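Student: I would like to learn how to read a structure file like this one. Where should we begin?

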Amino acid sequence: MPVSENAQSAEAIHRKLRAIAAVLLDPAATENERANAEALKMRLEKRLGQEATSGGTWADILFRLGRGVKQIKQSTSPPSPKGDWTDNAFRLGRMFRRGFKK
C-alpha cells in the first residue's frame with residue numbers, strides 16, 4: 001500500500017516508462033513512434049526526479065508523523081497532581097461502596 005499520493009504517481013510513472021521501453025525495444029516500431037517514445041521518456045524521467053526530491057521517503061513521512069504525535073501529547077493538559085482532595089473523595093466513596101455491598 002503506498003504511503004502517499006506521490007508514491008502512487010511515482011508508480012504510475014514507472015509503469016509508463018516500462019511501456020515506453022517496450023516500444024523502444026520493439027523492432028517493428030516506426031521511426032516516429034521511437035521519437036515520440038524517446039521524448040515522452042525524457043519528460044517522465046524528469047518528472048519522476050522532481051517528485052522523488054519533493055515527496056521524501058517513507059522514513060521522512062514517519063518521522064514527521066512521530067513529531068506531530070509528540071507535539072499533540074505535550075499540548076494536552078497536565079495530569080492532576082496526586083494527593084488533592086478528589087483522590088481522597090474517590091477513596092472514601094470506594095470504601096463506602098464496598099461497605100454497602102457486604
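Tutor: Begin with what counts as an element: helices, of at least four residues, and strands, of at least two, are DSSP runs numbered from the N terminus. By that rule, tryptophan 58 falls in helix H3.

Student: How many helices and strands are there in the protein?

Tutor: The protein has four helices and zero strands. Read from the N terminus, the order of elements is α-α-α-α. Keep in mind that this is a predicted model.

Student: Then how should I read the confidence?

Tutor: Where pLDDT is low, the predicted coordinates should not be read in detail. For this protein the mean pLDDT is 77, with 75% of residues at 70 or more. Helix H4 (residues 85-101) has the highest confidence, a mean of 82, while helix H3 (residues 58-75) has the lowest, at 76.

Student: Which residues make up the largest nonpolar core?

Tutor: The general idea is that in soluble globular proteins, nonpolar side chains tend to be buried together. Here the largest nonpolar core holds eight residues: Ala10, Ile13, Leu17, Ile20, Leu24, Ala37, Leu44 and Leu48. Two or more of these residues come from each of helix H1 (5-25) and helix H2 (31-55). The greatest share is from H1, which supplies five.

Student: Take leucine 17 as a case. Is leucine 17 buried or exposed?

Tutor: Leucine 17 is located in helix H1. Its relative accessibility is 16%, so leucine 17 counts as buried, the cut-off being under 20%. Neighbours within four places in sequence aside, leucine 17 contacts Lys41, Leu44, Glu45 and Leu48. The C-alpha atoms of leucine 17 and glutamate 45 are 8.0 Å apart, although the two are 28 residues apart in sequence.

Student: With which residues is leucine 24 in contact, leaving aside its neighbours within four places in sequence?

Tutor: Leucine 24 is in contact with Arg34, Ala37, Glu38 and Lys41. For the protein as a whole, take contacts between residues at least 6 apart in sequence: 56% of them join residues at least 24 apart.

Student: Why does tryptophan 58 count as exposed?

Tutor: Tryptophan 58 counts as exposed because its relative accessibility is 57%, and the cut-off is over 50%. Together with Leu62, Leu65 and Val69, Trp58 makes a nonpolar surface patch of about 430 Å².

Student: And the surface and burial totals?

Tutor: The protein's accessible surface is about 8900 Å², and carbon and sulfur atoms account for 60% of that. Of the 102 residues in the protein, 13% are buried.

Key: Residues are numbered from 1 along each chain as its sequence is written. This is a predicted model: local features need pLDDT of at least 70, side-chain atom pairs count only at pLDDT 80 or more; totals for chains, interfaces and linings use all residues. Side-chain values use heavy atoms; hydrogens and water are left out. pLDDT is the predictor's confidence in each residue, from 0 to 100. A nonpolar core is a set of buried Ala, Val, Leu, Ile, Met, Phe, Trp, Tyr and Cys residues joined through side-chain atoms within 4.5 Å. Buried means under 20% relative accessible area, exposed over 50%, partly exposed in between (1.4 Å probe, protein chains only). Contact means heavy atoms within 4.5 Å. Patches are made of residues with over 30% relative accessible area and no salt bridge: like charges are joined within 9 Å, nonpolar side chains (Val, Leu, Ile, Met, Phe, Trp, Tyr) within 5 Å. Accessible areas come from the Shrake-Rupley method with a 1.4 Å probe; for residues, only the protein chains shown count as cover. A salt bridge is a side-chain nitrogen of Lys or Arg within 4 Å of a carboxyl oxygen of Asp or Glu.
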